[in-house]
Amino acid sequence: MRTVVVLIAACCGAVYALNNGLGLTPQMGWNSWNHFGCDINEDLIKGTIDQLVSTGLAAAGYKYVNLDDCWQTERTADGTIVADPVAFPSGIQALADYAHSKGLKFGLYSDAGKRTCAGRPGSLGYETQDAKTYASWGVDYLKYDNCYSGFTDPQDRYPLMRDALNITGRPIFYSICEWGIDEPASWADQVGNSWRTTFDISDNWLDVMEIMNRNNNWADYAYPGAWNDPDMLEVGNGGMTDTEYQSHFSLWAVVKAPLIIGCDITAMSNATFDILTAQELIAVNQDPLGEQARRVAEYVDTEVWSGALSGGKYVGLLLNKGLVTRDVEAKFSLMGMTDTTSCIVRDLWAQQNVGVFTGHVTFKVPSHGVVVISLTPL
(Lines give C-alpha, C1' and ligand atoms only; values in the text may rest on other atoms or scores of the structure.)
Protein backbone atom coordinates (compact mmCIF):
# COMPACT_ATOMS: atom_id res chain seq x y z
CA MET A 1 0.00 0.00 0.00
CA ARG A 2 1.27 3.45 -0.91
CA THR A 3 1.18 6.19 1.70
CA VAL A 4 -1.10 9.12 0.91
CA VAL A 5 0.22 12.46 2.13
CA VAL A 6 -1.67 15.71 2.44
CA LEU A 7 0.32 18.80 1.46
CA ILE A 8 -1.00 22.18 2.51
CA ALA A 9 0.25 25.39 0.96
CA ALA A 10 0.30 27.93 3.76
CA CYS A 11 -0.37 30.83 1.43
CA CYS A 12 -3.64 29.56 0.08
CA GLY A 13 -4.74 26.48 2.06
CA ALA A 14 -4.78 24.27 -1.05
CA VAL A 15 -5.11 20.53 -0.57
CA TYR A 16 -3.23 18.29 -2.99
CA ALA A 17 -4.12 14.71 -2.05
CA LEU A 18 -7.06 12.78 -0.69
CA ASN A 19 -6.80 11.94 2.99
CA ASN A 20 -10.32 11.29 4.25
CA GLY A 21 -9.65 7.96 6.00
CA LEU A 22 -12.50 6.29 4.11
CA GLY A 23 -12.76 3.17 1.97
CA LEU A 24 -10.29 0.96 3.80
CA THR A 25 -12.48 -1.84 2.44
CA PRO A 26 -14.60 -1.51 -0.73
CA GLN A 27 -17.78 0.51 -0.25
CA MET A 28 -21.09 -1.30 0.07
CA GLY A 29 -24.52 0.19 -0.42
CA TRP A 30 -27.37 0.88 -2.84
CA ASN A 31 -27.70 3.27 -5.80
CA SER A 32 -30.82 4.36 -7.65
CA TRP A 33 -29.56 4.46 -11.25
CA ASN A 34 -29.45 0.90 -12.61
CA HIS A 35 -33.09 0.16 -11.87
CA PHE A 36 -34.85 3.52 -11.55
CA GLY A 37 -32.85 5.96 -13.70
CA CYS A 38 -34.44 9.39 -13.34
CA ASP A 39 -37.69 8.02 -11.87
CA ILE A 40 -36.77 8.82 -8.26
CA ASN A 41 -38.42 10.64 -5.36
CA GLU A 42 -38.12 10.91 -1.61
CA ASP A 43 -40.76 8.25 -0.88
CA LEU A 44 -38.81 5.74 -2.96
CA ILE A 45 -35.57 6.58 -1.19
CA LYS A 46 -37.12 6.47 2.28
CA GLY A 47 -38.72 3.12 1.43
CA THR A 48 -35.36 1.82 0.26
CA ILE A 49 -33.72 3.01 3.48
CA ASP A 50 -36.37 1.18 5.49
CA GLN A 51 -35.91 -1.96 3.40
CA LEU A 52 -32.11 -1.94 3.77
CA VAL A 53 -32.62 -2.05 7.53
CA SER A 54 -35.62 -4.37 7.81
CA THR A 55 -34.27 -7.05 5.45
CA GLY A 56 -30.85 -7.22 7.10
CA LEU A 57 -29.00 -5.83 4.08
CA ALA A 58 -27.65 -3.00 6.21
CA ALA A 59 -26.48 -5.49 8.82
CA ALA A 60 -24.75 -7.43 6.03
CA GLY A 61 -22.68 -4.32 5.28
CA TYR A 62 -24.70 -2.25 2.80
CA LYS A 63 -24.42 1.12 4.56
CA TYR A 64 -24.58 3.74 1.82
CA VAL A 65 -27.87 4.76 0.18
CA ASN A 66 -27.00 6.86 -2.85
CA LEU A 67 -29.11 9.12 -5.04
CA ASP A 68 -27.81 9.09 -8.60
CA ASP A 69 -28.59 11.58 -11.39
CA CYS A 70 -31.81 13.63 -11.63
CA TRP A 71 -32.22 14.75 -8.03
CA GLN A 72 -31.22 18.33 -8.94
CA THR A 73 -33.00 20.85 -11.19
CA GLU A 74 -31.30 24.25 -11.20
CA ARG A 75 -29.17 26.77 -9.34
CA THR A 76 -30.32 29.85 -7.46
CA ALA A 77 -29.06 33.31 -8.37
CA ASP A 78 -26.11 32.87 -6.01
CA GLY A 79 -25.22 29.49 -7.57
CA THR A 80 -26.59 27.15 -4.87
CA ILE A 81 -27.71 23.80 -6.27
CA VAL A 82 -31.44 23.08 -5.85
CA ALA A 83 -33.12 19.70 -5.46
CA ASP A 84 -36.22 18.91 -7.52
CA PRO A 85 -38.99 20.39 -5.31
CA VAL A 86 -41.63 18.01 -6.69
CA ALA A 87 -39.65 14.79 -6.27
CA PHE A 88 -37.97 15.86 -3.03
CA PRO A 89 -40.31 18.33 -1.31
CA SER A 90 -38.64 17.87 2.08
CA GLY A 91 -35.20 18.55 0.65
CA ILE A 92 -32.01 16.54 0.55
CA GLN A 93 -30.95 17.25 4.12
CA ALA A 94 -34.15 15.65 5.40
CA LEU A 95 -33.35 12.48 3.44
CA ALA A 96 -29.80 12.43 4.75
CA ASP A 97 -31.10 12.90 8.28
CA TYR A 98 -33.53 10.02 7.77
CA ALA A 99 -30.74 7.74 6.54
CA HIS A 100 -28.57 8.70 9.51
CA SER A 101 -31.43 8.06 11.93
CA LYS A 102 -31.51 4.47 10.63
CA GLY A 103 -27.77 4.01 11.07
CA LEU A 104 -27.00 4.41 7.35
CA LYS A 105 -24.92 6.84 5.31
CA PHE A 106 -26.23 9.03 2.51
CA GLY A 107 -24.76 9.73 -0.92
CA LEU A 108 -25.37 12.08 -3.84
CA TYR A 109 -24.36 12.34 -7.49
CA SER A 110 -22.88 15.18 -9.50
CA ASP A 111 -20.70 15.65 -12.56
CA ALA A 112 -17.27 17.10 -13.31
CA GLY A 113 -18.81 18.95 -16.25
CA LYS A 114 -21.22 21.75 -16.94
CA ARG A 115 -24.13 19.31 -16.90
CA THR A 116 -24.81 15.83 -15.60
CA CYS A 117 -25.30 12.95 -18.02
CA ALA A 118 -29.08 13.49 -17.77
CA GLY A 119 -28.68 17.21 -18.49
CA ARG A 120 -29.06 18.54 -14.94
CA PRO A 121 -26.64 21.18 -13.54
CA GLY A 122 -23.11 19.85 -13.11
CA SER A 123 -20.47 20.99 -10.66
CA LEU A 124 -17.69 22.24 -12.97
CA GLY A 125 -16.92 25.76 -11.78
CA TYR A 126 -19.03 25.26 -8.63
CA GLU A 127 -16.89 22.69 -6.82
CA THR A 128 -16.31 24.66 -3.61
CA GLN A 129 -19.90 25.85 -3.36
CA ASP A 130 -21.37 22.40 -4.05
CA ALA A 131 -19.01 20.67 -1.63
CA LYS A 132 -20.03 23.09 1.13
CA THR A 133 -23.69 22.49 0.32
CA TYR A 134 -23.28 18.71 0.38
CA ALA A 135 -21.45 18.88 3.71
CA SER A 136 -24.13 21.13 5.20
CA TRP A 137 -26.76 18.59 4.16
CA GLY A 138 -24.89 15.74 5.85
CA VAL A 139 -23.81 13.96 2.66
CA ASP A 140 -21.37 11.07 3.20
CA TYR A 141 -20.63 9.98 -0.40
CA LEU A 142 -20.26 11.65 -3.77
CA LYS A 143 -20.38 9.84 -7.11
CA TYR A 144 -18.81 12.23 -9.62
CA ASP A 145 -19.52 11.62 -13.31
CA ASN A 146 -17.77 12.73 -16.52
CA CYS A 147 -20.34 14.18 -18.96
CA TYR A 148 -20.35 17.61 -20.64
CA SER A 149 -16.71 18.20 -19.73
CA GLY A 150 -15.77 19.98 -22.94
CA PHE A 151 -13.07 17.34 -23.49
CA THR A 152 -10.92 18.90 -20.78
CA ASP A 153 -8.39 16.80 -18.88
CA PRO A 154 -9.97 14.76 -16.05
CA GLN A 155 -6.69 15.02 -14.15
CA ASP A 156 -7.43 18.73 -13.92
CA ARG A 157 -11.16 18.49 -13.19
CA TYR A 158 -11.40 15.70 -10.60
CA PRO A 159 -8.85 17.11 -8.12
CA LEU A 160 -10.89 20.32 -7.91
CA MET A 161 -13.74 18.47 -6.21
CA ARG A 162 -11.31 16.40 -4.10
CA ASP A 163 -9.87 19.62 -2.69
CA ALA A 164 -13.30 21.16 -2.19
CA LEU A 165 -14.53 18.08 -0.29
CA ASN A 166 -11.42 18.01 1.90
CA ILE A 167 -11.77 21.66 2.81
CA THR A 168 -15.30 21.10 4.19
CA GLY A 169 -13.84 19.01 7.00
CA ARG A 170 -16.57 16.38 6.55
CA PRO A 171 -15.43 12.89 5.55
CA ILE A 172 -17.14 12.30 2.19
CA PHE A 173 -16.36 9.17 0.17
CA TYR A 174 -15.26 10.29 -3.29
CA SER A 175 -16.28 7.93 -6.11
CA ILE A 176 -14.77 8.96 -9.45
CA CYS A 177 -16.93 7.96 -12.43
CA GLU A 178 -14.53 8.70 -15.31
CA TRP A 179 -15.39 5.45 -17.19
CA GLY A 180 -11.73 4.41 -17.45
CA ILE A 181 -11.14 6.50 -20.56
CA ASP A 182 -7.99 8.24 -19.33
CA GLU A 183 -6.75 5.27 -17.28
CA PRO A 184 -7.69 6.70 -13.87
CA ALA A 185 -6.23 3.69 -12.07
CA SER A 186 -2.80 5.15 -12.89
CA TRP A 187 -3.48 8.49 -11.17
CA ALA A 188 -6.77 8.54 -9.24
CA ASP A 189 -5.51 6.96 -6.00
CA GLN A 190 -4.28 10.46 -5.10
CA VAL A 191 -7.68 11.91 -5.95
CA GLY A 192 -10.55 9.57 -5.00
CA ASN A 193 -11.46 6.54 -2.94
CA SER A 194 -12.53 4.58 -6.03
CA TRP A 195 -12.51 5.09 -9.77
CA ARG A 196 -14.42 3.54 -12.63
CA THR A 197 -12.31 1.34 -14.87
CA THR A 198 -14.92 0.66 -17.57
CA PHE A 199 -17.98 1.80 -19.47
CA ASP A 200 -21.41 1.63 -17.80
CA ILE A 201 -22.59 -1.86 -16.99
CA SER A 202 -25.61 -3.43 -18.70
CA ASP A 203 -27.73 -6.24 -17.32
CA ASN A 204 -26.40 -9.05 -19.51
CA TRP A 205 -23.80 -11.81 -19.30
CA LEU A 206 -21.50 -10.72 -22.11
CA ASP A 207 -21.26 -7.22 -20.68
CA VAL A 208 -20.25 -8.57 -17.28
CA MET A 209 -17.54 -10.73 -18.87
CA GLU A 210 -16.12 -7.82 -20.90
CA ILE A 211 -16.10 -5.52 -17.88
CA MET A 212 -14.12 -8.09 -15.90
CA ASN A 213 -11.63 -8.37 -18.76
CA ARG A 214 -11.01 -4.64 -18.68
CA ASN A 215 -11.00 -4.29 -14.91
CA ASN A 216 -8.41 -7.06 -14.60
CA ASN A 217 -5.87 -4.89 -16.42
CA TRP A 218 -5.67 -2.62 -13.38
CA ALA A 219 -5.41 -5.17 -10.56
CA ASP A 220 -2.02 -3.89 -9.41
CA TYR A 221 -3.42 -0.43 -8.69
CA ALA A 222 -6.05 -1.21 -6.05
CA TYR A 223 -5.35 -1.10 -2.33
CA PRO A 224 -7.17 -0.13 0.91
CA GLY A 225 -8.63 3.34 0.47
CA ALA A 226 -8.31 3.23 -3.32
CA TRP A 227 -10.35 0.76 -5.37
CA ASN A 228 -10.96 -0.17 -8.98
CA ASP A 229 -14.67 0.19 -9.75
CA PRO A 230 -16.17 -1.92 -12.58
CA ASP A 231 -19.56 -0.25 -11.95
CA MET A 232 -22.57 -1.15 -9.85
CA LEU A 233 -24.25 -4.52 -9.42
CA GLU A 234 -27.07 -5.62 -11.72
CA VAL A 235 -28.08 -8.54 -9.47
CA GLY A 236 -31.88 -8.76 -9.35
CA ASN A 237 -32.71 -6.54 -12.33
CA GLY A 238 -33.94 -9.41 -14.49
CA GLY A 239 -31.57 -9.55 -17.44
CA MET A 240 -29.60 -12.60 -16.32
CA THR A 241 -30.28 -15.94 -14.68
CA ASP A 242 -29.73 -16.44 -10.97
CA THR A 243 -26.66 -18.55 -11.81
CA GLU A 244 -25.25 -15.66 -13.85
CA TYR A 245 -26.05 -13.20 -11.09
CA GLN A 246 -24.22 -15.42 -8.62
CA SER A 247 -21.20 -15.35 -10.92
CA HIS A 248 -21.48 -11.59 -11.36
CA PHE A 249 -21.59 -11.04 -7.60
CA SER A 250 -18.75 -13.51 -7.00
CA LEU A 251 -16.44 -11.79 -9.49
CA TRP A 252 -17.14 -8.37 -7.98
CA ALA A 253 -16.51 -9.79 -4.51
CA VAL A 254 -13.13 -11.38 -5.21
CA VAL A 255 -11.74 -8.44 -7.24
CA LYS A 256 -12.54 -6.12 -4.32
CA ALA A 257 -15.02 -4.09 -6.35
CA PRO A 258 -17.53 -1.82 -4.64
CA LEU A 259 -20.68 -3.79 -3.85
CA ILE A 260 -23.36 -1.27 -4.74
CA ILE A 261 -26.80 -2.84 -5.17
CA GLY A 262 -28.65 -1.60 -8.26
CA CYS A 263 -32.03 -3.35 -8.06
CA ASP A 264 -35.36 -2.57 -6.44
CA ILE A 265 -34.82 -4.14 -3.04
CA THR A 266 -38.46 -3.58 -2.09
CA ALA A 267 -39.41 -6.25 -4.68
CA MET A 268 -36.37 -8.54 -4.80
CA SER A 269 -36.68 -12.32 -4.98
CA ASN A 270 -35.39 -14.69 -2.32
CA ALA A 271 -32.64 -15.74 -4.72
CA THR A 272 -31.52 -12.13 -5.16
CA PHE A 273 -31.47 -11.59 -1.40
CA ASP A 274 -29.45 -14.78 -0.88
CA ILE A 275 -26.86 -13.67 -3.44
CA LEU A 276 -26.54 -10.17 -2.01
CA THR A 277 -26.15 -11.45 1.55
CA ALA A 278 -23.68 -14.28 0.88
CA GLN A 279 -21.71 -13.85 4.10
CA GLU A 280 -18.52 -15.63 3.09
CA LEU A 281 -18.34 -13.84 -0.27
CA ILE A 282 -18.82 -10.49 1.43
CA ALA A 283 -16.05 -11.41 3.89
CA VAL A 284 -13.68 -11.93 0.94
CA ASN A 285 -14.65 -8.57 -0.52
CA GLN A 286 -14.12 -6.86 2.83
CA ASP A 287 -10.91 -8.70 3.69
CA PRO A 288 -8.53 -6.16 5.27
CA LEU A 289 -5.55 -7.18 3.15
CA GLY A 290 -7.34 -5.57 0.21
CA GLU A 291 -5.64 -7.53 -2.57
CA GLN A 292 -7.62 -7.62 -5.80
CA ALA A 293 -7.91 -11.13 -7.21
CA ARG A 294 -6.82 -11.50 -10.81
CA ARG A 295 -7.16 -14.05 -13.60
CA VAL A 296 -4.34 -16.59 -13.25
CA ALA A 297 -5.46 -19.15 -15.85
CA GLU A 298 -7.59 -18.91 -18.99
CA TYR A 299 -8.72 -21.78 -21.20
CA VAL A 300 -11.28 -22.07 -24.01
CA ASP A 301 -14.41 -21.70 -21.88
CA THR A 302 -13.05 -21.57 -18.35
CA GLU A 303 -10.96 -19.31 -16.14
CA VAL A 304 -9.38 -19.34 -12.70
CA TRP A 305 -9.05 -16.18 -10.63
CA SER A 306 -7.08 -15.93 -7.40
CA GLY A 307 -5.78 -13.52 -4.79
CA ALA A 308 -4.27 -13.50 -1.33
CA LEU A 309 -6.36 -13.01 1.80
CA SER A 310 -5.32 -12.00 5.28
CA GLY A 311 -4.12 -14.73 7.62
CA GLY A 312 -2.08 -16.44 4.89
CA LYS A 313 -5.16 -17.70 3.05
CA TYR A 314 -6.11 -17.46 -0.62
CA VAL A 315 -9.33 -17.14 -2.56
CA GLY A 316 -9.97 -18.96 -5.82
CA LEU A 317 -12.78 -18.47 -8.31
CA LEU A 318 -13.42 -21.12 -10.97
CA LEU A 319 -15.50 -19.68 -13.82
CA ASN A 320 -17.28 -21.52 -16.64
CA LYS A 321 -18.17 -19.19 -19.52
CA GLY A 322 -19.33 -22.08 -21.71
CA LEU A 323 -22.74 -23.52 -22.44
CA VAL A 324 -22.28 -26.90 -20.72
CA THR A 325 -20.95 -28.01 -17.36
CA ARG A 326 -17.15 -28.20 -17.27
CA ASP A 327 -14.48 -29.62 -14.98
CA VAL A 328 -12.32 -26.67 -13.90
CA GLU A 329 -8.93 -27.25 -12.27
CA ALA A 330 -7.25 -24.74 -9.98
CA LYS A 331 -3.49 -25.29 -9.77
CA PHE A 332 -2.01 -24.04 -6.52
CA SER A 333 1.24 -23.08 -8.25
CA LEU A 334 -0.70 -20.42 -10.19
CA MET A 335 -2.32 -19.07 -7.03
CA GLY A 336 0.72 -18.03 -5.01
CA MET A 337 1.59 -21.47 -3.62
CA THR A 338 3.48 -24.50 -4.98
CA ASP A 339 2.49 -27.80 -6.56
CA THR A 340 3.36 -29.54 -3.29
CA THR A 341 1.30 -27.25 -1.04
CA SER A 342 -1.55 -28.93 0.82
CA CYS A 343 -4.60 -26.82 1.63
CA ILE A 344 -7.89 -27.05 3.42
CA VAL A 345 -10.35 -26.11 0.66
CA ARG A 346 -13.68 -24.52 1.56
CA ASP A 347 -16.61 -23.93 -0.82
CA LEU A 348 -17.75 -20.40 0.06
CA TRP A 349 -21.20 -20.64 -1.53
CA ALA A 350 -21.90 -24.01 0.09
CA GLN A 351 -20.32 -22.71 3.32
CA GLN A 352 -18.55 -25.98 3.99
CA ASN A 353 -15.08 -27.48 3.85
CA VAL A 354 -14.66 -29.97 1.03
CA GLY A 355 -11.36 -31.56 2.07
CA VAL A 356 -7.58 -31.33 2.02
CA PHE A 357 -5.96 -31.18 -1.43
CA THR A 358 -2.35 -31.07 -2.55
CA GLY A 359 -1.18 -29.08 -5.55
CA HIS A 360 -4.54 -28.68 -7.24
CA VAL A 361 -8.29 -29.12 -6.91
CA THR A 362 -10.98 -29.69 -9.56
CA PHE A 363 -14.68 -28.85 -9.46
CA LYS A 364 -17.60 -29.34 -11.82
CA VAL A 365 -18.84 -25.85 -12.65
CA PRO A 366 -22.21 -25.26 -14.33
CA SER A 367 -22.66 -23.21 -17.48
CA HIS A 368 -22.11 -19.50 -16.73
CA GLY A 369 -21.50 -20.49 -13.13
CA VAL A 370 -18.71 -20.29 -10.59
CA VAL A 371 -17.26 -22.17 -7.67
CA VAL A 372 -15.56 -19.89 -5.15
CA ILE A 373 -13.15 -21.42 -2.67
CA SER A 374 -10.88 -20.37 0.13
CA LEU A 375 -7.57 -22.18 0.54
CA THR A 376 -5.78 -22.46 3.86
CA PRO A 377 -2.23 -23.83 3.45
CA LEU A 378 -1.21 -26.47 6.01
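Is D182 buried, exposed or partly exposed? At 36% relative accessibility, D182 is partly exposed, a class lying between buried (under 20% relative accessible area) and exposed (over 50%), with a 1.4 Å probe and protein chains only. The model is predicted, with local features requiring pLDDT of at least 70 and side-chain atom pairs counting only at pLDDT 80 or more, while totals for chains, interfaces and linings use all residues. Residues are numbered from 1 along each chain as its sequence is written, and side-chain values use heavy atoms, with hydrogens and water left out.

**View 1. A patch of negative charge on the surface includes D182.** D153, D156, D182 and E183 make up this patch; patches consist of residues with over 30% relative accessible area and no salt bridge, like charges being joined within 9 Å. Asp and Glu count as negative, and the place of a charge is taken as CG of Asp or CD of Glu. D182 belongs to the loop between β7 (173-176) and β8 (194-196); helices (H or I, at least four residues) and strands (E, at least two) are DSSP runs numbered from the N terminus.

**View 2. D140 is buried in the loop between α4 (127-137) and β6 (141-145).** The relative accessible area of D140 is 7%. Its contacts (heavy atoms within 4.5 Å) include Y64, H100, K105 and R170, not counting residues up to four places away in sequence. In α4, the buried residues are E127, D130, A131, T133, Y134, A135 and W137. They pack against β3 (72-75), β4 (81-83), α3 (92-101), β5 (105-111), β6 and α5 (154-168). Just after α4, G138 adopts a positive phi of about 85°.

**View 3. V65 is a buried residue of strand β2 (residues 64-66).** Its relative accessible area is 0%. Not counting residues up to four places away in sequence, V65 touches W30, I45, T48, I49, L52, A99, K105, F106 and G107.

**View 4. R294 and D220 form a salt bridge at 2.6 Å, N to O.** This pair links distant parts of the chain, with R294 in strand β11 (residues 294-298) and D220 in the loop between α6 (205-216) and β9 (227-229), 74 residues apart. A salt bridge is a side-chain nitrogen of Lys or Arg within 4 Å of a carboxyl oxygen of Asp or Glu. R294 is partly exposed at 28% relative accessibility, whereas D220 is exposed at 60%.

Methods
Patches are made of residues with over 30% relative accessible area and no salt bridge: like charges are joined within 9 Å, nonpolar side chains (Val, Leu, Ile, Met, Phe, Trp, Tyr) within 5 Å. Accessible areas come from the Shrake-Rupley method with a 1.4 Å probe; for residues, only the protein chains shown count as cover.
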